[in-house]
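The following exercises concern a single structure.

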Amino acid sequence: MNFKVFAGLIGLIMLIAFLAPPVIKLQKLALAVVVLIGVAMAAYEFFENVGSKDD
């Protein structure tokens, strides 16, 4: 497991940990949708960067 993958996974976990408490506490559907879109965009960017051959 190289550093790029490790750092990306740590970043995704930290993003989810940062955005989860307001969603859980407020329990608003619109907020949950916006947060899920943001996490999906970050995950897509992570997989694009891991899959690329450029270092």
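The expected span of a helix is 1.5 Å times one less than its number of residues. Helices are DSSP runs of H or I with at least four residues, numbered from the N terminus. The model is predicted, with local features requiring pLDDT of at least 70 and side-chain atom pairs pLDDT 80 or more, while totals for chains, interfaces and linings use all residues. Residues are numbered from 1 along each chain as its sequence is written, and side-chain values use heavy atoms, leaving out hydrogens and water.

**Exercise 1.** Determine the span of H1 and where H1 bends.

Solution. H1 has 24 residues, and from first to last C-alpha it reaches 36 Å, close to the expected 34 Å. A bend of about 30 degrees occurs at alanine 20, with proline 21 following within four residues; the bend is the angle between axes fitted to the seven residues ending at a residue and the seven starting there.

**Exercise 2.** Describe how the axes of H1 and H2 are arranged.

Solution. The axes of H1 (residues 3–26) and H2 (residues 29–51) come within 10 Å and cross at roughly 180 degrees. Axes are lines fitted to C-alpha atoms, for helices over the stretch in contact, with angles from 0 to 180 degrees between N-to-C directions. H1 and H2 are therefore roughly antiparallel, a term for angles over 145 degrees.

How values were computed
Helix = DSSP H or I, 4+ residues; strand = E, 2+ residues; numbered from the N terminus. Parallel < 35°, antiparallel > 145°, perpendicular 65-115°, else oblique.
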